[in-house]
Amino acid sequence: MTHMTLKADPFNLIVTGVGGQGNVMTSRAVGNMLSQLGLHVTIGETFGASQRGGSVMSHLRISAKSSWSPQIPLGQAHMIVSMEPTETLRVLKDYGHPGVTVITNTRPFYPVGVISGQLNYPKDEEIRAWISELSARAFFLNATEKAVEIGNPVLGNVIMAGALAGTGELPLSREIFQAIMATRFKDDKLRMNMEAFDWGVKSVKTE
Amino acid sequence: MTDIGSYPENSRHLLMGNEAIVRGALEAGVQMAAGYPGTPSSEIIENLAALSKDPSRKLYVEWSVNEKVALEVASSASFAGLKTMAVMKQPGLNVAADYLLHLSGSGVRGPMVLVSADDPGALSSVNEGETRHYAKLMEVPLLEPGDFQEAKDMVKWAFELSDIIRNLVLVRTVTRLSHASGTVVMGQIPEDGNKAFFKHNGFILDPNEGVIMSPPVEYKHSEQQRKLKQAAELFETSPFNTYEGPDKPELLLITSSICSLYSREAVHLLGLQDRVGILKIGTTWPLPRNLMQKHLASTDKIFFVEEVLPFLEEEVKILAAELAGDIGVKQFFGKKDGRLPMVGEMNPDKIMAALAPIMNVTLPQRDMAYAARANAVAFGGSPHREATFCPGCPHRASFFTLNTALTMDNRNGFVCGDIGCYSMAVLPAGFSTLKTLHAMGSGTGVASGFGKLSLFGLDQPVLSVCGDSTFFHSAMPPLVNAIHNQSDMTLVVLDNSGTAMTGFQPHPGIGHDAMGQTAHSIDIPSVCRAMGAEVRVCDPFDLEQSRDTLLELIDRKGVNVLVLKQACALSPEKKSTKRYEMKVDEAVCAGETCGCNRLCTRIFSCPGLVWDKESKRARIDEVTCAGCGFCASICPRHAIQRKEVA
């Protein structure tokens, strides 16, 4: 087993977004990287019909000592990685506390109630102010836009994983990410994944 | 999909609970697996099916037509001496229950395991039915993994146990285990399996070569109970029952399944490790009596943590009553005294809230000012996300048409429903078209009955819907029933070419099977015609034709079937392809002055068709729109226009 020490043990990470955005992929990629370092990782998630266009959330419990449950207790997330800005607020409501770090994609994914004109979606500046107020550190990335620029919106997830690595809160490195991606992708796809990861790392470091 | 079959012995991997179950079955040497898709169980057969495509593995895997047939198919392999498994979600266990009672009475030959997945809290179900009670009812042993490693190890051992007692072994998993992931250390996968041969020429009661059946009932039933007792004896020393805590705890917390992880966390967060002992039961039925006695004797206070109903609580209380002379009188806490709810799933917070007052410790509170502010912000800042059909989903079009036809018909017609993505049609997403919602196939059975109520003056058109997979699963018998009994009803088959909700598993209407082999596909309209129904087939994206056909059918006596055939928008052959380029002609769209009351966005509500607050016009969201073309037919001014993609 590992001799690593974490900033908190268990370290509680929530990956959130809207069904179909690729949450499961992000949480699994991050979980696999940490697991390969010898850490105990539990990922709690649900999927099925209820997730069509709905809010989704993965709970990652990372520990050097033992396995933890697939549900983080209320108010105990150390880090929130969010693919959708209003989902960040929803997660902060239940799992946030003044010391939490937040990385959020700024691209809205409108609920059907907003599309149909029944509900209002808050303005970008409002969301940023609220998230900043409710966290110790907050990073805002236009991951979707950058991902489309690199070649595929799904790479937004990789950008977020890169940003998570960039915060230095967890022992995630470029080398491990590349090794895992190289088992799945080759050539151009691998290059695009690494470009997305690097952009993610850079975007939290320069802020 | 990860290749669970290739991980070497002793390697560590992050596995989903369902993947761990698959690995356990492989390590046991499973040769056949059959099931019917259902969240949260589907990934088990899916992974096994993928592995079976390697012919060197000698594994037969099938998606059966329903869970009862899956259990029957899987048992045949056991009768032929092979290692076999059936997999289903809990409501499927209800479907399989008839055969299960017979099978548990007849006993098995080759090792046989039945994995049933519960969904406490109904995260992706319409009920939170329980598997554990079946173990007691059917008199078979039940194992419940408490974590990911156990999910693998226990399934492997379940095969060994079945081999010892010569009866089926039930394994219960739950969503939070099946769909969560954790670290698992691999074991060895055996190379060779048994050869299949069904011995049937022996003395009629010979368990190895006689007739496989439950009669003579009293003899076979006593044999079944002897096997159960044998399992209970093995459970006394099972490594799956664990205890952590002091020798003489102030409180003994008895738990099982994923609740053991929540319980450990709650005890840790309250700092009660030196005062509370946790007895985690992996062999839930029958309970190992001596082990229970030893732990019950260690303290006077017992607290039960389980999902959903108080199964452990009631069984341990019976044991405690029987043992009262030896262990003394106990004080019990759990669901019966209302400290924990008898509905929904558990989590560390619920357990802490119940445990803190019992142990007279303070419950750690969140920063109240922060929580209040976060709550206020989310209330205004996180608009609710109601579940809806995907962009380009044929169900949205089908229900729009159903709703339109019933409104035009104006006789208060209604639709009875069942299980599938289309269950969402009880919501505004499906224009609140479904008025009853029950089990697979039940909409048609209920409609068959409604269709006879004209005797009592019922003069409303009666309709039901079912999906294509559901049609084969359990809508055929009620359709036969309706035709035979001359009911007046119309069944609408929402045929989207696969078991879409659970991930496009093939069914008997599809031309390939679970293992990717060519399969005989059965044509739904031909089946219905052969039964004697009046049958029509339409494309749900053709609003006018579907609507007019429906209006004709619901005005007709007898049993009618309308098959609305159009592949799911997420189906592999359709995903990311657009049939039409859509646009809203701003010059034609009259916005709020039209008089349509924003039918397209307010009512139809496809995520690809947006109400633009600035221009006060409808607008196509190019990124989201799937190009199905249907919305062009709903705009009264023809402002929504479609152009076929070359």
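Reply: Eight strands form an open sheet of mixed pairing, in the order E6(A)-E5(A)-E4(A)-E1(A)-E3(A)-E2(A)-E8(B)-E1(B). Strands, of at least two residues, and helices (H or I), of at least four, are DSSP runs numbered from the N terminus; two strands pair if DSSP finds at least two bridges between them. The model is predicted: local features need pLDDT of at least 70 and side-chain atom pairs pLDDT 80 or more, whereas totals for chains, interfaces and linings use all residues. Residues are numbered from 1 along each chain as its sequence is written, with chains lettered from A and ligands numbered from 1 in the order in which they are written.

The edge strands, each pairing on one side only, are E6 (137-141) of chain A and E1 (12-16) of chain B. From one strand to the next, the twist averages 20 degrees; angles run from 0 to 180 degrees between N-to-C directions, and axes are lines fitted to C-alpha atoms, for helices over the stretch in contact.

Within chain A, E1 (residues 11-18) and E4 (residues 79-82) pair in the parallel sense over four bridges, and Thr16(A) stands opposite Ser82(A) in E4(A). Between the chains, E2(A) and E8 (residues 181-185) of chain B pair in the antiparallel sense over two bridges. There, Ser181(B) in E8(B) is the bridge partner of Ile43(A).

H1(A) lies across E1, E2 and E3 (55-63) of chain A together with E1 and E8 of chain B, at about 5 degrees to E3(A). Residues are in contact if their C-beta atoms, placed from the backbone, lie within 7 Å.

Note on methods: Contact = placed C-beta atoms within 7 Å.
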